[in-house]
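Please open the model in a viewer and keep the sequence panel at hand.

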Amino acid sequence: MTHDVIIIGGGSAGYAAARTARDAGADVGIIDHGPLGGLCILRGCMPTKAILRSSDVMSLMTRAEEFGLQPVSAKADLSAIINRKARLIGEFANDRIHALKDSRFTLYEERAEFLSPHEIQAGAHKLKAKAFIISTGSVVSHVPIAGLEEAGYLTSDEALELRDIPQSMIVLGGGPVALELAQFFQRIGTHVTLIQRSAHLMSQGDEDSARPVEARFREEGMTVLTNTQLHRFTLDGTKKTAHLTHEGKEITVSAEVILQALGRRSNIDGLKLESARVEVRQGKIAVDDTMRTSQPHIYAVGDVNGLHEIVHIAIQQGEIAGWNAVHPRSSPRRYDDRLKAQVVFTDPQIAGVGLSEKECRSRKIPYRVASYPFDDHGKSLTLGETHGHVKLLASPATGEILGAHIVGPEAAELIHELIAVMYYHGTVHDLALMPHYHPTLAEIITYPAEELADRHNSGPTIQRTENSTDLSTDEVHP
């Protein structure tokens with residue numbers, strides 16, 4: 001059989017590509033061996049947010065006296081939490097399955113492997129297409145640490161199905177999955193020890209975005225060990241022990257279970273990309289900004305290309321590839337990461353858009369920066385949510401906002417105002433002039449904007465050091 005476009009993988013990126021290509025008039029085939037629904041719906045964004053809501057409510061219940069209420073004895077029922085999650089995810093997955101089985105697509109529920117750059121095998125079906133779009137997502141990485149396999153561990157997939165609350169847990173990793181699940185289990189009654197190799201959590205971002213989260217974790221009773229070196233694991237009966245170096249000292253940490261959350265890798269095993277002569281670099285499918293691979297008629301979108309493992313970006317890439325696959329001779333659509341955004345749904349939340357200070361320094365991009373803390377903001381004080389700050393980075397020449405970062409209450413929602421302003425290449429002057437209702441969390445954004453607007457093209461230059469955690473307003477020229 002022959003199609004105009006064949007999509008391999010029916011998750012968020014794949015479905016976006018299929019829908020875009022179909023709407024452009026293409027005959028579209030989709031190959032997905034299942035379970036249908038995609039990572040975000042089945043084992044990623046949606047199930048984690050469902051269970052985090054339960055632990056957030058429990059956390060507020062334990063703070064009842066802080067708000068003048070009688071203390072509440074809250075106890076988590078993990079099985080009931082998972083039942084609620086499963087019900088919601090079942091509904092989301094059914095919607096996606098219904099969409100994939102739309103009669104305007106041809107769905108092959110089979111595994112796919114390339115036979116050549118223009119031919120693919122899907123079960124018993126040998127298929128050809130004018131263009132292929134690979135959107136097979138990612139799978140959990142298995143990191144070689146001595147004794148870890150023998151000790152045994154959970155991945156995030158298994159952690160989302162636990163029915164009994166572990167008494168203790170070692171969490172390996174400092175990225176979004178590790179942080180969200182670590183706080184969830186700590187809040188429902190597990191004693192969690194979080195182990196991170198780097199000097200701070202979320203090591204790819206700025207240090208000052210991680211520190212408020214680390215502080216909150218420790219306040220809640222979690223043991224947070226950063227700047228560590230893991231040596232090995234041992235198993236003694238049911239006790240799993242990590243042997244590591246922390247701050248120059250050899251220590252051990254033991255727990256009932258280990259959660260291995262050290263990242264994911266591109267899901268390309270079994271695709272036989274060598275038969276398609278598609279280039280793979282460091283385990284990821286190499287693409288350009290049109291989402292084309294080394295074969296101009298083959299595209300790769302979402303987690304499988306490793307550019308940004310974030311759902312809305314995967315959808316954007318899928319739409320770009322879907323359009324370009326159907327219009328190979330027209331001016332191609334291109335991916336631009338100027339507005340790349342990320343959110344971590346911890347408490348406090350971490351959200352960012354655009355450039356970080358680390359990125360500005362590494363690219364030698366001049367910038368000015370100003371921050372304002374939530375513990376000096378009226379609305380956040382009334383809410384009892386005082387961890388974190390808002391930080392803006394602006395061009396010294398024009399005042400255009402280069403990046404914005406929020407760690408604090410409702411950061412996931414607040415960041416969208418800054419995404420909108422940056423979408424239109426807005427400046428700190430624009431942001432400072434925009435009216436904000438009082439009292440709201442959103443009005444905190446105006447404080448660093450006003451500082452930067454006042455200092456635009458004037459004032460002293462202060463160098464912000466790599467390890468600075470000072471949240472005072474300053475200006476930087478790398």
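Begin by selecting Glu247, which lies in the loop between β12 (239-246) and β13 (249-255); strands here are DSSP runs of E with at least two residues, helices are runs of H or I with at least four, and both are numbered from the N terminus. The model is a predicted one, in which local features need pLDDT of at least 70 and side-chain atom pairs count only at pLDDT 80 or more, while totals for chains, interfaces and linings use all residues. Residues are numbered from 1 along each chain as its sequence is written, and side-chain values use heavy atoms, with hydrogens and water left out.

Glu247 has a phi near 50 degrees, a positive value in a residue other than glycine. Its relative accessible area is 62%, so Glu247 is exposed (exposed means over 50%, buried under 20% and partly exposed in between, with a 1.4 Å probe and protein chains only).

Next, select Gln282, in the loop between β16 (280-281) and β17. Phi of Gln282 is likewise positive, near 50 degrees, and Gln282 is exposed at 81% relative accessibility. Most residues other than glycine have a negative phi, and most peptide bonds are trans.

Two prolines follow. The peptide bond from Gly34 to Pro35 is cis, with omega near 0 degrees; Pro35 is found in the loop between β2 (28-31) and α2 (39-42). The bond from His438 to Pro439 is also cis, with omega near -5 degrees, and Pro439 belongs to the loop between α14 (428-433) and α15 (446-455).

Now display helix α1 (residues 12-23) with helix α10 (residues 311-326): their axes come within 7 Å and cross at roughly 35 degrees. Axes are lines fitted to C-alpha atoms, for helices over the stretch in contact, and angles run from 0 to 180 degrees between N-to-C directions. Among the residues making this contact are Ala13 and Ala17 of α1 and Gly322 and Trp323 of α10 (contact means heavy atoms within 4.5 Å).

Then select Ile133 in strand β6 (residues 125-134). Is Ile133 buried or exposed? At 0% relative accessibility, Ile133 is buried. Beyond neighbours within four places in sequence, its contacts include Ala17 and Gly322. Ile133 and Ala13 are 120 residues apart in sequence, with their C-alpha atoms 9.6 Å apart.

Finish at Trp323, where Arg333 lies over the ring face at 3.8 Å from the ring centre; this requires NZ of Lys or CZ of Arg within 6 Å of the ring centre and within 35 degrees of the ring normal.
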